[in-house]
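Here is a short report for someone meeting this structure for the first time. Keep the sequence and the 3D view at hand while reading.

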Amino acid sequence: MIYLYNMIKCFLVATLLASIIFLIIDVIWLSFATKSFYRPLLGDLIIGPADKPVLWAAALFYILYVFGMALVVIQPCMDSDTVFKTVYTGFIFGLVAYGTYNLTNMAVVKGWSPTVTFVDMFWGGSLTALSATSGPVSYTHLTLPTNREV
């Protein structure tokens, strides 16, 4: 029972840490990339500086994405002896998720940029790999017993 409690605690804290890392890095990326990357390539498809994003949609995206990342990447990789499994599973999950969005837009949105498609797919894979790996690794390092002499 203690083992199960510790595994659930590890999973929840690792997911929380991964979600915080994901959100912080993505907000930083979007704050710079919207003006210098997305807007020049997508033009009026991107909301303007005076417009506000639809916050409930953004929040719902982050909640659903972290839920998926937790169940598809973090939880299955918790018992893995190698960090590499989390890195590549996270990258593939992000690539597929961001690819689904971008390739669908490429197929149906007039003027959608192929450059945005492939950069965004790589961004999604890289960000997911980094955050899905950093959450469990951070948890492990935070909870390791220290070798202090008393």
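## Ground rules

Two residues are in contact when they have heavy atoms within 4.5 Å. Helices are DSSP runs (H or I, at least four residues), numbered from the N terminus. Buried means under 20% relative accessible area, taken with a 1.4 Å probe on protein chains only; exposed means over 50%, and partly exposed lies in between.

The model is predicted: local features need pLDDT of at least 70, side-chain atom pairs count only at pLDDT 80 or more, and totals for chains, interfaces and linings use all residues. Residues are numbered from 1 along each chain as its sequence is written, and side-chain values use heavy atoms, with hydrogens and water left out.

## Helix H2

Helix H2 covers residues 55–77, 23 residues in total. From first C-alpha to last it reaches 31 Å, close to the 33 Å expected at 1.5 Å a residue. That expected span is 1.5 Å times one less than the number of residues. H2 bends by about 40° at Ala70. The bend is the angle between axes fitted to the seven residues ending there and the seven starting there.

Several H2 residues are buried, among them Tyr62, Tyr65, Ala70, Val73 and Cys77. Their cover includes helix H1 (2–42), H3 and helix H4 (114–143).

## Thr89 in helix H3

Thr89 sits in helix H3, residues 83–108. It touches Val72, Val73 and Cys77, leaving aside residues up to four places away in sequence. A polar atom of the Thr89 side chain also lies 2.6 Å from the backbone oxygen of Lys85.

## Aromatic rings

The whole structure holds 14 aromatic pairs. In Phe37 and Tyr38, the ring centres are 5.1 Å apart and the planes stand at 70°, so this pair is edge-to-face. Rings of Phe, Tyr and Trp (its six-membered ring) pair if their centres lie within 6.5 Å; planes under 30 degrees apart count as stacked, over 60 as edge-to-face and the rest as tilted. Phe37 and Tyr38 are both buried.

One aromatic cluster is formed by Phe22, Phe61, Tyr62, Tyr65, Phe93 and Tyr98.

## Cysteines

How many disulfides does a search of the whole structure find? It finds zero; a disulfide needs two cysteine sulfur atoms within 2.5 Å. The sulfur of Cys10 is 12 Å from the closest cysteine sulfur, in Cys77, and that is too far for a bond.

Cys10 is buried, with a relative accessible area of 14%. Cys77 is buried too, at 7%.

Key
Helix = DSSP H or I, 4+ residues; strand = E, 2+ residues; numbered from the N terminus. Polar contact = N/O pair within 3.5 Å; in protein donor to acceptor, adjacent residues only side chain to side chain.
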